[in-house]
Protein chains: 4
Amino acid sequence: MSRRVRAVVMPGPRRPLEVREFPEPALEEGEALLHTLYSEICGTDVHLWHGRLEGVPYPIIPGHVSVGRLATLRGTIRDLDGDPFREGDVVAFLDVHGTCGACYACLVSRQTTRCPHRRVYGITYGAAQGLLGGWAEAIHLKAGVKILRLPEEVTPELYIGGGCGLVTAVHAVERAGVRIGDAVVVLGAGSVGQSAVALAAISGADPIVAIGAPDDRLRMALRMGATEVLSIDALPHAERLAAVRARTGGRGADVVIEAAGAPEAVVEGAELLRDGGVLVVAGQYTDNGPATWNVHALLNRKHLDVRGCWGSDFSHFHKAIRILARHGRRVPWRDLVTRLSPLEGAGEALQAVEARAPLKAAITPNDLR
Amino acid sequence: MSRRVRAVVMPGPRRPLEVREFPEPALEEGEALLHTLYSEICGTDVHLWHGRLEGVPYPIIPGHVSVGRLATLRGTIRDLDGDPFREGDVVAFLDVHGTCGACYACLVSRQTTRCPHRRVYGITYGAAQGLLGGWAEAIHLKAGVKILRLPEEVTPELYIGGGCGLVTAVHAVERAGVRIGDAVVVLGAGSVGQSAVALAAISGADPIVAIGAPDDRLRMALRMGATEVLSIDALPHAERLAAVRARTGGRGADVVIEAAGAPEAVVEGAELLRDGGVLVVAGQYTDNGPATWNVHALLNRKHLDVRGCWGSDFSHFHKAIRILARHGRRVPWRDLVTRLSPLEGAGEALQAVEARAPLKAAITPNDLR
Amino acid sequence: MSRRVRAVVMPGPRRPLEVREFPEPALEEGEALLHTLYSEICGTDVHLWHGRLEGVPYPIIPGHVSVGRLATLRGTIRDLDGDPFREGDVVAFLDVHGTCGACYACLVSRQTTRCPHRRVYGITYGAAQGLLGGWAEAIHLKAGVKILRLPEEVTPELYIGGGCGLVTAVHAVERAGVRIGDAVVVLGAGSVGQSAVALAAISGADPIVAIGAPDDRLRMALRMGATEVLSIDALPHAERLAAVRARTGGRGADVVIEAAGAPEAVVEGAELLRDGGVLVVAGQYTDNGPATWNVHALLNRKHLDVRGCWGSDFSHFHKAIRILARHGRRVPWRDLVTRLSPLEGAGEALQAVEARAPLKAAITPNDLR
Amino acid sequence: MSRRVRAVVMPGPRRPLEVREFPEPALEEGEALLHTLYSEICGTDVHLWHGRLEGVPYPIIPGHVSVGRLATLRGTIRDLDGDPFREGDVVAFLDVHGTCGACYACLVSRQTTRCPHRRVYGITYGAAQGLLGGWAEAIHLKAGVKILRLPEEVTPELYIGGGCGLVTAVHAVERAGVRIGDAVVVLGAGSVGQSAVALAAISGADPIVAIGAPDDRLRMALRMGATEVLSIDALPHAERLAAVRARTGGRGADVVIEAAGAPEAVVEGAELLRDGGVLVVAGQYTDNGPATWNVHALLNRKHLDVRGCWGSDFSHFHKAIRILARHGRRVPWRDLVTRLSPLEGAGEALQAVEARAPLKAAITPNDLR
């Protein structure tokens, strides 16, 4: 195996990205090599570059949500229904793997996204361990990594348009228990927020109010299914509260999904709810500091349900692809990606994402033709 | 009706209590007069005296949880099973009534403790409206007030021992969904906390750690069913956390019931939980100020469920009496009341409760023989 | 009040319907008179005519789902938000009322559709008690009957198109907990089945297979949102089972909603589910005899959830109108009613419904211009 | 490894059991050899002997619930908390293993007891595959088999007293959602029923009515926590129904757990419930034929929840051991085993279990001193 694979390496926080060459890995039984078509540049990659996540073994190859074509398989790898994968199949893979199946979170509380043994491509592996991130011409799929064949209706472009945000939003909307007729507010108009809006709409929620900024993202939220958008730049807090109350018979929303990131958004979420409503906290993926709230008025007296929502598991990934297949023609997920870059452009693209210029961006390591 | 009824009046916040005479009320159809045996002096009465609740129409006759003997009935009043009440029946009544049955909380979200039309004996009625509080020789039971006949096993002393705290704790434990084998922490060793400990024990929780002060209340918690107690006076925060982790395989509790009152107890509750645990906030009945917490670490990453719990409804009241009938011989609810006072002693007794001298106190307006 | 109101009377099972005159009722405080625009002829009316329901006080004025214009009000009647109704308002009313608020079902188990004191317009009232059925020029709305003002988007024609079947289906879909991406089968293509298909679609279910007959109803189910229809006339049982498995990765459906009426449909529903799926039984409103099933294979080993679903309450009625307002332009509820009749034509129309000629029919007692 | 291990072999349905010798297995990485202390003789073993289970690869070594002492370990095997097991540890193991972690039941619906790849010691392995059943001097624990160290409070005798029935009952009670104050009926007084009674009692249920036969099992049910027992031999169906109604305010039970086995018990369970109650079907482990019920009266109108309950998973096994540790001193699980036999007595003991002579029996393959 003397072939070489090019990949983007992030040497450490705030250090310039580099393109390096790696040897093509020798595959063990149950492993595969994926030729990358698209790999997302996500807000988490900005956090990685800022050194905001704990325990990251820099240097790393970033890229935790990718789609590609199976180039080589060693042994038989089967899908959920037992059908074997074949070389040439276009597949997506779940970045999170290695859930141990042997700890309290896996076996007793059955909240597998809290398994301490989970590993994440592009985040918890160092470049020294090989091609274990998506910003590379090829990705080494270790045994046990969960892959799903894209159905005909789901092009690689559509999949990467949904990407990390969609899978996270599937979990958040499930955790919220959104049902037909629920009045839903989504805080945050980034990629999780956009997909949360779409999923609320597909679930029959009404109204769906998206609150965020800047204006182009709010316009996008309207295309994704929001019935109304409120700009946090243009409207002060009290007016946002009044607007939501006006749309909900004066009561407030049934469900708020926080996908904003700012700690104070959690408090605003509680304020926007009706008595007895449900707040899902999905946007505090990194530590942006504390929030202060009145636990008497906002929690006890209001009789709220506040539900943290961490990561996602295979069921959300599986559901996401079925949703894309069914609704991807109508819901403009593919338009969320507004910037594509080759490996060499990764650094510049990452800075653009940092500056919130594109809603989403992706790396295209190989010639797509 | 020239008979006079003596009652304690709280003229306003921080003003001395007085015993005044009221005319015995003329009863309308479906109403009754109750000769009071016991009426609780509860932490809420201290809040009333401090002027901490909004919209209280002083002067008032305090006393929202009472038990007595039906003296007069006008018309037929029936219990849940359709059996008519009779003069001489010993009954308890639910202080909260007037749930409208016509608003969003009553009809759509079905969270009736948030019905804005609810009225509460001893709190939301003024003395000008009559004998609508329990610190009185007789209580005017308006039509629609829910009363329950005490079964033989439940003496008036046992009922008042459970009292307001037990009914609130029934709701809190239901909201927590405590199940056999759950590791439960109860924060607060007042009357709600004591009953929450007992109900967790009856539900098969194990271990049950009560955290509070002072020591005599912690000793009582052990009698109520706690498997271990931790003193907030003796142990700093980090040691309490370590102690709970040591009892739960290093993971933290499955369920925390906050019945402490201090806003920071809500934060401590979140810290004491395992990933994916459930925190019920039942102790922030009045506004004791804000709490500050890290929404990334304590809510989102930890994947918690935080559930506010407001008030109680008839189902909790009904269940409380059945629980007393079944477990009241073994669980020392009746020992929670450590001070009894006639009407004239109400002011002194209230000050003792304010000083946390007795765990619970009660007014005995009539000669009990 | 010497004005006379004409109404259809069903003298008894299998006896010819008659049009009789009634005095306009004297209204008490909180009551109203509704000028009927439409009143549904529903499958239940056929059951009434067949004498299949217990305890019906014949002669009766049928008609339990109606919409009309408020002609007279006595006193102030308020809606959920406290706004008073006015003469001329077009309103629908919930046929079920008199839920007692004082029994075990109302207060403890909180399953109010099982309150034994509920009364139903058009079913449990005799004609001797007055204008308490919808097949009449005017309906006497007793105090406490829940009415809802139709929003601008919901015409009387649209409301009656949804009618009884929609409200029942809202309950069934809620009971099923249908969520985005669920594979749903609806058994029965009558009015409950048609609305269940539409609600599953609005909730993001996919695929949605409707199974029933005749063909025109199946074509309608496709318009309501089914992704596929299977004819019980054309396909034997084994082929229906195979077809559903083929659409669900060989596993069977996540949810089956039985709205068929034949007892064996309940068994087929269990067979069509995947392991661990949910079956809602909503179609066995009258006693059509027993069903026989293998409780080992279909229940225990398959680990199913089977949920009976009885009647509906105000929350379903309230949600139904909001759903019509939001989706009534796109979903062809109004096309479900294919036959309108004046009072004089009620008997003939009822026989047509008995023969399953129209999918739905309605009485129009007044000139609609 | 020339040592020989003696084991009981069931050559086929209805054929006499034999004691044969097997070579001690060569262990692979992560495997262990367990010296058997006790292995249960369970109703399922009678079904195996009757040839009632499908796909059993006779000849087999029976015994699916066992407890023993770790004799040899190859490599490091860790418990849930990461602590390594050591030779000499007394452990129980979950008979079900090999849950694939890759199918729809494991990953999407998360109902792992329906994973089609599960294997069960003593049932789905043939004797040709080695020491994979508990009626043997030693058991070959394959890699991935879940074992739990018995805490000090749980003797091997106590563990085997709970055994298969307790783990199954933990699942059934969890599925029922039994809560404090629920009126519970348990149908069946075998080992699942006895443990279901005990778990209902520990969960605070009241009353707890056990219905079954013969009388000695009903007396045992009283010791396990039943508040009342009804004999199916002495009382006809109508009287059992009347007795349960009399204990529940005329309404019926909140929860029925069917652990009886006869198909008609499922129907009786539905009859014994109050409107809106919960029936868990846990006793139809083998096919005992169909049940016939009125789906109108018993399912739809009664608004029931009927929940199948298949097998158990690691969480139930884990919880069972914690429950034994906490309550095993008070609840007489150990008295359920009334017959112990050496390997040579297995055939006779199995016939005794078939004749329902002992409530439970166990094999003791080694000298216990």
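Q: What is a salt bridge, and which residue forms one with C:Arg175?

A: A salt bridge is a side-chain nitrogen of Lys or Arg within 4 Å of a carboxyl oxygen of Asp or Glu. In this predicted model, C:Arg175 forms one with D:Asp305, and the closest N and O atoms are 3.3 Å apart. The count between chain D and chain C is 6 salt bridges.

Q: How is the size of an interface given?

A: It is often given as the accessible area lost when the parts come together. Here buried area is the loss found with a 1.4 Å probe, summed over both parts. Chain D and chain C bury about 3,600 Å², with 50% from carbon and sulfur atoms. In chain D, the residues that lose the most area to chain C are D:Tyr104, D:Asn300 and D:His303, together 18% of what that side buries.

Q: What area do chain B and chain D bury between them?

A: Chain B and chain D bury about 1,800 Å², 46% of it on carbon and sulfur atoms. On the side of chain B, B:Arg179, B:Ile180 and B:Arg326 supply 31% of the area buried against chain D. This interface has 4 salt bridges, including that of B:Arg251 with D:Asp81.

Conventions:
Residues are numbered from 1 along each chain as its sequence is written. Chains are lettered from A and ligands numbered from 1 in the order in which they are written. This is a predicted model: local features need pLDDT of at least 70, side-chain atom pairs count only at pLDDT 80 or more; totals for chains, interfaces and linings use all residues. Side-chain values use heavy atoms; hydrogens and water are left out. Buried area is the accessible area (1.4 Å probe) that two parts lose on being put together, summed over both.
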